[in-house]
Amino acid sequence: MPGQYDRLVVRRTLGRGFGWLWGAYAVSAFGTRLAFDAFPLITVLVLHAGPAEVAALAAVGPAVGAALAVPLGPWVEFRRKRPVMIAADLVRCAALLSVPVAFALGGLGFGQLLLVSVVVAAADITFTAASGAFLKWLVPPEDLLVANGRFESTTWTATMLGPPLGGAAVGVFGPVVTVTVDAVSYLLSAAGLRAVGGHEPRPVGGPRRLAPGELLAGWRHLLTHRALRPLFLNTLLVNGLIMAVAPPLAVLMLGPLGFAPWQYGLAFAVPCVGGLIGSRLAPRLVARYGRRRVLRTAGTLRACWPLGLAFVRPGPAGLALVMIVELGLITCIGVFNPVMATARLELTPADRVTRTLSAWSVSSKAAIASLTALWGVLAALAGTRAALALAGVLLLATPPLLFTAGLGRAVADEDAGRRRLDVSG
């Protein structure tokens, strides 16, 4: 075990191909976070739209995009993944560039923003599904956790830095500048993917015509697999409930509690350092304690923090409470996510990865949208604090899914197999 630990932690390079893939991901992640909330800002500041239009843009676009992505997962499964990823980047680049062009020509409208939102959402899901399969081909199994940890740390770094810089850029250069930067970031990402190199093999059996039943193959795999089913359901519920409380919490902090917008932004930007810390710790924790224990411990702890948000009060103490809760939550998520993503890839056969990840992404977006809408109604009927408290209590009921025998045995078997490979190597 010490040798395994040393090799896992000390290894710093995963090869030139992964370096280009990581760089492509980093530039697009920073572009996306820089343009965080760009469409709602444009809707309000440029189109002078009301809350109904902003809500429709936030909900309808991603929902329709997710529906359009359903048949794309099976289609991508039987094609080389890197060309699909490059195409998805170029589609997102073109769609987003249409916004500043229309703005400059004086023809930007709500319908165009909605259409762009749909296209980008569908391309996002397609890219994510293809990238998981591509990563599994590109990186040796023993390096998947390190690779996923680096992606996770990049995500949280971009989340910490992007929105404040984007807000400053909008204030100086106008409302469409971050959309332009985001579009360019996808172009640079496509160039980075082009430079990955290597000869990706064509999947066995494709491309070919798909039977209608294959549209649901990803969900069948997730719901019938003894280990993936509890992991899938746990992640859907936890992510959906965490995201569902964001709008009520914003209303509470910016309204009755009287926090300034910069304080609200600070409360969620600074704790993102926890995601960076957690993602860096994940490989070391797994090497020392095993994936089963890390999944269960980090997964349980991440469900314990949000209940504290129901007790936030005005003033510095309230702001500190939000930051402590978010720091603890995001640190646990930073540990859990790369371990979960690695287990998901290892427990899925190579010929089902894209369909499985596509089904996972579509389900996640649907769960977040549904629970966010439901919690908005609950906050209106029962009060904001009651909605926050209910979400926190329900989150406390999610960890048992991680303690099912099927998940525990499957993850333990994977760890045992890796230890045997280390010994034989």
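User: What is the pLDDT over residues 420–425, and how many contacts beyond four places in sequence does the model have there?

Analyst: The pLDDT (the predictor's confidence in each residue, from 0 to 100) stays under 50 over residues 420–425. For these residues the model has two contacts (heavy atoms within 4.5 Å) beyond four places in sequence. The model is a predicted one, in which local features need pLDDT of at least 70 and side-chain atom pairs count only at pLDDT 80 or more, while totals for chains, interfaces and linings use all residues. Residues are numbered from 1 along each chain as its sequence is written, and side-chain values use heavy atoms, with hydrogens and water left out.

User: What is the mean pLDDT of the chain, and how many contacts does the stretch 1–10 have?

Analyst: The chain has a mean pLDDT of 87, with 91% of its residues at 70 or more. Residues 1–10 have pLDDT below 50, and this stretch has 15 contacts in the model beyond near neighbours in sequence.

User: Why is α11 called roughly antiparallel to α16?

Analyst: Helix α11 (residues 228–244) and helix α16 (residues 315–346) cross at roughly 150 degrees, their axes coming within 12 Å. That angle makes α11 roughly antiparallel to α16 (under 35 degrees is roughly parallel, over 145 roughly antiparallel, 65 to 115 roughly perpendicular, the rest oblique). Among the residues in contact are Leu231 and Ile242 of α11, and Phe336 and Arg344 of α16. By class, this contact has seven nonpolar, two polar and one charged residues.

User: What makes α11 oblique to α17?

Analyst: α11 and helix α17 (residues 353–382) pack at about 40 degrees, with axes 8 Å apart. That angle makes the pair oblique. The residues that meet include Phe232 and Leu236 in α11, and Trp360 and Ile368 in α17. The contact has 11 nonpolar, six polar and no charged residues.

User: Why does α17 count as oblique to α18?

Analyst: α17 and helix α18 (residues 384–395) pack at about 130 degrees, their axes 6 Å apart. That makes α17 oblique to α18. Trp375, Leu378, Ala379 and Ala382 in α17 meet residues of α18 that include Leu390 and Leu394. Here the classes are nine nonpolar, one polar and no charged.

Definitions and conventions: Axes fitted to C-alpha atoms, helices over the stretch in contact; angles between N-to-C directions. Helix = DSSP H or I, 4+ residues; strand = E, 2+ residues; numbered from the N terminus. Nonpolar A, V, L, I, M, F, W, Y, C, P; charged D, E, K, R; others polar.
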